Amino acid sequence: MCKSKVSLVIVILALAARVQAADNLVLVTIDGLRWQEVFSGYDPALMDNEQFTEHRELLLEQFGANTPESRRQKLMPFLWGTIARQGLLAGNRAKESRVEVANPWWFSYPGYNEILTGRADPEISSNRAVPNKNHTFLEWLHSRPAYRDRVAAFGSWEVFPAILNRDRSGIHVNAGFQDASWAGMSARPLPE
């Protein structure tokens, strides 16, 4: 998360009509996403700026609408058509829902540590791939007999093995440009 960009951490909590145990927990984070687009669709200030928008008419045709609710649905149909209906989105500042990090830095490693441990650590002040001394809730879950070897993390950033302290935690972490071929992987192909 970067100070020059307004960032949003979307907290998605699966809420069911009736209380029931879930078979899986999936945490999705999107680094650097602006709350304005999530809750209002495209930002007219950016759409009208030639520096950011080459094909304005095409974008307006595809994502334009009269209301913020319609624009956000067009821009992020899965988020608003599925996740928002089956869960909870927090962080719409226009409705006084603020989600903020507690750490003094607005960039990735401190933010991911905070998400995964529930607290800010003032000693984490860079994005260097230093093994995290803090225990994440994934590590805690992995230490429980019922979840041993049933916790895994997949990410696009090569620093996640350090954030999750793969060596200490024993959690399977596949991040960056690592192959997705490991012992015990299903032979079933992914859907196209």
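This report covers the nonpolar cores and salt bridges of a predicted model.

## Basis

Local features need pLDDT of at least 70, side-chain atom pairs count only at pLDDT 80 or more, and totals for chains, interfaces and linings use all residues. Residues are numbered from 1 along each chain as its sequence is written, and side-chain values use heavy atoms, without hydrogens or water.

## Nonpolar cores

A nonpolar core is a set of buried Ala, Val, Leu, Ile, Met, Phe, Trp, Tyr and Cys residues joined through side-chain atoms within 4.5 Å. Buried means under 20% relative accessible area, exposed over 50%, and partly exposed in between (1.4 Å probe, protein chains only). The largest core has 16 residues. Tyr109, Leu138, Trp157, Phe160, Ile163, Leu164 and Val173 touch the most other members. At least two residues each come from α6 (108-117), α7 (137-142), α8 (160-163) and β2 (172-175). Helix α6 gives the largest share, three residues. Helices (H or I, at least four residues) and strands (E, at least two) are DSSP runs, numbered from the N terminus.

Beyond four places in sequence, Trp157 is in contact (heavy atoms within 4.5 Å) with residues including Ser108, Tyr112, Asn127 and Gly176. A separate core of eight residues includes Trp35, Phe39, Leu79 and Leu89.

## Salt bridges

There are eight salt bridges, each a side-chain nitrogen of Lys or Arg within 4 Å of a carboxyl oxygen of Asp or Glu. Arg98 pairs with Glu100 at 2.6 Å, N to O. Arg98 is exposed at 51%; Glu100 is partly exposed at 41%.

Glu139 and Arg168 meet at 2.7 Å, N to O. This pair links helix α7 to helix α9 (residues 166-169), 29 residues apart. Glu139 is buried at 8%, whereas Arg168 is partly exposed at 34%. Shared partners join Arg34, Glu37 and Asp43 into one salt-bridge network.
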